Amino acid sequence: MKILFRKNLYPREAILASACQFLEDCYLTLNEDKQSYIINISGKKTLCMKALKDNVVKEVVNNALRCGISERNKEIREAVINRALLFSQPRKESLSLSVEKNLEKTAEYDWKDDPLGIFAPWKGDKKKKNNNSK
């Protein structure tokens with residue numbers, strides 16, 4: 001069974017997105033000529049091809065509408081995301097101040113001071129434990 005969709009009315013993305021919805025139930029191939037997209041449908045199971053064709057057409061129309069809305073709202077969506085990203089970044093002044101404060105705090109410590117024994121080698125640590133236990 002073949003379904004024709006005119007290129008000037010239906011974007012390719014809408015047809016491909018719609019085809020993905022039916023891959024479990026049927027085999028779909030997409031061909032095109034200068035003026036239209038052609039979907040060839042063949043069922044994997046015994047299906048009502050008329051109902052399947054109607055469902056594919058409804059899904060293509062639905063996705064074409066979504067593509068159109070998405071395209072119309074593209075500038076608004078990009079502006080909202082840009083504004084959110086712009087205001088989510090810390091100011092350079094506050095960032096540099098917090099880095100300086102952290103550097104001052106870490107300058108107080110010496111890496112050789114290791115009260116928890118974190119920097120001790122594993123082998124040496126085991127020997128100490130074994131010696132203490134005897």
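**Exercise 1.** In this predicted model, find which exposed residues sit on the face of H1 turned away from its buried side.

*Solution.* Start with the cut-offs: buried means under 20% relative accessible area, and exposed means over 50%. Next, pick out the buried residues of H1, which are Ala-14, Ile-15, Ser-18 and Ala-19. Looking down the axis of H1, you'll see these buried residues fall within an arc of 130°, so they line one face of the helix. Now turn to the face pointing away from that buried side: there you'll find the exposed residues Glu-13 and Cys-20.

**Exercise 2.** Work out what the buried residues of H1 pack against.

*Solution.* First place the helix: H1 spans residues 12-21 and lies across S1, S2 and S3, running at about 165° to S2. Then check the partners of its buried residues: they pack against S1, S2 and S3, and also against helix H2 (49-72).

**Exercise 3.** Give the order of the three strands in the open sheet, and explain why one side of S1 and of S2 is left without a neighbour in the sheet.

*Solution.* The strand order is S1-S3-S2, with antiparallel pairing. From one strand to the next, the twist averages 20°.

**Exercise 4.** How many bridges join S1 to S3, and which residue of S3 is the bridge partner of Phe-5?

*Solution.* Count the bridges between S1 and S3 (residues 36-43): there are five, and the two strands run antiparallel. Then go to Phe-5 and look across to S3, where its bridge partner is Tyr-37.

Terms used
Residues numbered from 1 in each chain as written. Predicted model: local features only at pLDDT ≥ 70, side-chain atom pairs only at ≥ 80, totals over all residues. Heavy atoms only, no water. Pairing = 2+ DSSP bridges. Helix = DSSP H or I, 4+ residues; strand = E, 2+ residues; numbered from the N terminus. Axes fitted to C-alpha atoms, helices over the stretch in contact; angles between N-to-C directions. Contact = heavy atoms within 4.5 Å. Buried < 20%, exposed > 50% of the residue type's maximum accessible area, 1.4 Å probe, protein only. Arc of directions from axis to C-beta.
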